[in-house]
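Trainee: Could you take me through a few features of a model and show how each is read from the atoms?

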Amino acid sequence: MKKPDGKERLLNLGKAYDTLSSLYTRIPYHLFSSYAFPPLHLLIELTYRCNLRCEMCQFLNILKSNELQRNAKSEISADEIKRFVRSFPRTSVVTLTGGEPLLRNDFFKIVESLSRRNKIHIITNATLLTEETAAFLCEHRVRSLLRGGVLALGVSIQGPPEIHDAITGKRGAGESVLKGIRFLNELRQERRTPFPHIHITSVITERNAPHLSRIYELARELGVDYCNFTLFNTSDFASRLDLEASTTPDAASRKRVTIDPELLRGQLSLMTGAAQKSGTALRFSPFGITAEEIVRYYSGGADLSRFHCTAPWRLLGISAYGDVTSCPFVFLGNIRKDNCKNLWNGPKQRQFRKRLKGKGIFPLCEGCCQSVYDH
């Protein structure tokens, strides 16, 4: 029998992690009414500042307000981030995101501190991924699955360079992204290491729909490990779910994004076929969603009864200003005045879990990448 090569071992490892994390989440989900094990995933928004203006960004309104630079001093500090992470086990994977996290002057300090204990996942637009930054990430990579380090880097690519530039609002952004990924991948090859994993994420929109298969081709040409396509959630993140109310805000009045079903079905088919012959894994979010359900979503809306959410059983996050949440629509408290460990299984979080178990996802959640599609 042929032994699996490095890429196959990496994909098998990813599948094993997905299985274990699913079990870790589902055991308390099914056995307890509202309690959960310690979070498996910590998500930290380092800043909302960004050098791009992506047209589908959930923070676009505040980016346009020009208040972010003035509020930079209110952003969570490196020490606050460290205390938050150390409130939970070293087994928690930490995602650093934004805005654009590389705009933080103390980004290297934060990564160096956290990576001594936890595995780190970074989400970036990669326009600032210089040779120096790529070398730093590779130097602080995971070297053993039992130790901390930079585990993965997620990069946003929204189309071929000219389409990417149009969507992100910056000329030359597409070429900068490709250049940054090549820097990191060359270092991985030189050091013969699969870490940090590199994955590309693309939001399916009207503008890039005709180019989805080309995005996957780019991922394959760049030698990245995964290529993930997510749905465009157009809900206003300023909305809040009222856990006391019998009704909650819906998505009826929000702008619908529609894409020609045959065009979308054809692009999804091309990618699926190409992925069967490639070492670059193809993924879609929400987890488990089918190509036909993606087509349905962009043809009038998803079938909400086919989705559920387990995020509050596995994920806890903090905003750039310290707000604590497991969901963009539910705030639990703030790290500057609350004990985060107590919030995790506190009254509001338990109430939220009960509502989700009883109702499934809310209309606001339609298209959220944290939900799960039930076949």
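This is a predicted model: local features need pLDDT of at least 70, side-chain atom pairs count only at pLDDT 80 or more; totals for chains, interfaces and linings use all residues.

Trainee: What span should helix α12 have, at 1.5 Å a residue?

Mentor: Helices (H or I, at least four residues) and strands (E, at least two) are DSSP runs, numbered from the N terminus, and the expected span of a helix is 1.5 Å times one less than its number of residues. For the 13 residues of α12 (residues 347-359) this gives 18 Å, which agrees with the 18 Å between its end C-alpha atoms.

Trainee: Which residues of α12 are buried?

Mentor: An α-helix has 3.6 residues a turn, so residues three or four places apart point the same way. Buried means under 20% relative accessible area, exposed over 50%, and partly exposed in between (1.4 Å probe, protein chains only). In α12 the buried residues are Gln349, Phe352, Arg353, Arg355 and Leu356. They cover an arc of only 160° around the axis, taken from the directions from the helix axis to the C-beta atoms, which puts them on the same side of α12. The face turned away from that buried side carries the exposed residues Pro347 and Gly358.

Trainee: How many bridges join β2 to β3, and in which sense do β3 and β4 pair?

Mentor: Two strands pair if DSSP finds at least two bridges between them. Strand β2 (residues 93-97) runs parallel to β3 and is joined to it by 3 bridges, with Val94 opposite Ile120 in β3. β3 and strand β4 (residues 149-156) pair in the parallel sense over 6 bridges, and there Ala152 in β4 is the bridge partner of His121. Of the 6 residues of β3 (residues 119-124), 5 are buried.

Trainee: Where do Ala126 and Arg192 lie, and are they buried or exposed?

Mentor: Ala126, in the loop between β3 and α5, has a positive phi of about 65° although it is not a glycine, and it counts as buried at 0% relative accessibility. Arg192, in the loop between α7 (173-191) and β5 (197-203), has a phi near 50°, also positive in a residue other than glycine, and at 79% relative accessibility Arg192 counts as exposed.

How values were computed:
Residues are numbered from 1 along each chain as its sequence is written. Side-chain values use heavy atoms; hydrogens and water are left out.
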